[in-house]
Amino acid sequence: MRNILLPLLSIILGFFLSLFILKTYINKALDKKSKKETNTKIKVLKTANTVKNIGADNIQKNFESWNIYNKQNIDLMSTYTSLDNKGAVIDKGMFLTLLRTGAYIAVKSEYKNTIQYKLVSIDDDADQKIKKTISSKATIAYQYFKMEGKKLPNYNFIDLKGDSYNKEDTKGKIVVLKCWFITCKSCVEEFPELNKLVERYKNDNIKFISLAFDEKDKLIEFLKTKVFNYITIPNQKKYMAKKLKVKQYPTHLIIDSNGIIIKMVNNANTLSTELERILGK
């Protein structure tokens, strides 16, 4: 009996010891996971507070601060009043030219319900990445600005259904062009917002046309999976690059009833705002 009891006690003790070790391991793992989740929440909260609290005084603190401020407040392709570093109104072309030098950043203000961007000198010790990025953005905005007021280059578009669109077909109509391609993530993400514009202006004399890089068959298959209510024209990469001077995607153009480019912008939100301003609604 004694010979059986000792091994049995050993097994029981071993079981409880294993259970204790397993419980300790699980508690440590849960504690580690809890700390990680807490740290993640704190990090997210700090990031949210940083985004919320960045103002003009902190723009040049580092590239991240400038980038957050710039994304929230500055759209160089939108309509705004341009001010030099002394607060005097200047031509938009001059404003963008000065920004291209990398010696300034733009700071937003509002006056009598209008948006103003003022030039502020970049600090000597500011991150060089700020200078390079603002110069690059200003260069594209300047090139788009210089396209405004010009005639839309000759075109003869054939859409996915085989219908044609040229200057005679669209004469007397406002034309909104979207430049994009299938693998451009941001181009596709804005489809729902653009569809709302098509619906909003369905009773107005506006043609919403999209120009895509891609071949007809690929576009037809792709658009079976995505709702996009623009008229779509395939194989337009050369026209966009050579004729329209498109530098980034998406790009949107608003063309008046006389075939004049009146606005070039790079996102659906600004497009919506500019259409409201132009059409007064």
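User: Which residues of strand 6 are buried on one side, and which on the other?
Analyst: Both faces of strand 6 are covered, where buried means under 20% relative accessible area, exposed over 50% and partly exposed in between (1.4 Å probe, protein chains only). This is a predicted model: local features need pLDDT of at least 70, side-chain atom pairs count only at pLDDT 80 or more, and totals for chains, interfaces and linings use all residues. Residues are numbered from 1 along each chain as its sequence is written, while side-chain values use heavy atoms, without hydrogens and water. One side of strand 6 holds Ile174, Val176, Lys178 and Trp180, and the other Val175, Leu177 and Cys179.

User: Why is strand 6 described as largely enclosed?
Analyst: Helices (H or I, at least four residues) and strands (E, at least two) are DSSP runs, numbered from the N terminus. Strand 6 covers residues 174-180 and is largely enclosed by the rest of the structure because its buried residues number 7 of the 7.

User: Which strand pairs with strand 6 in the antiparallel sense?
Analyst: Two strands pair if DSSP finds at least two bridges between them. Strand 7 (residues 206-212) pairs with strand 6 in the parallel sense over 7 bridges, with Ile174 opposite Ile206. Val176 has Ile254 as its bridge partner in strand 9. The antiparallel pairing, over 5 bridges, is with strand 9 (residues 251-255).

User: Which side chain is joined to that of Thr251 by a polar contact of 2.6 Å?
Analyst: Thr251 is in strand 9, and it counts as buried because its relative accessibility is 0%. A polar contact is a pair of N or O atoms within 3.5 Å; within protein, one must be able to donate a hydrogen and the other to accept it, and residues adjacent in sequence count only if both atoms are side-chain atoms. The side chain joined to Thr251 at 2.6 Å is that of Tyr144.

User: How are the rings of Phe191 and Phe228 arranged?
Analyst: Rings of Phe, Tyr and Trp (its six-membered ring) pair if their centres lie within 6.5 Å; planes under 30 degrees apart count as stacked, over 60 as edge-to-face and the rest as tilted. By this rule there are 14 aromatic pairs. The centres of Phe191 and Phe228 are 4.0 Å apart and their planes at 0 degrees, so the pair is stacked.
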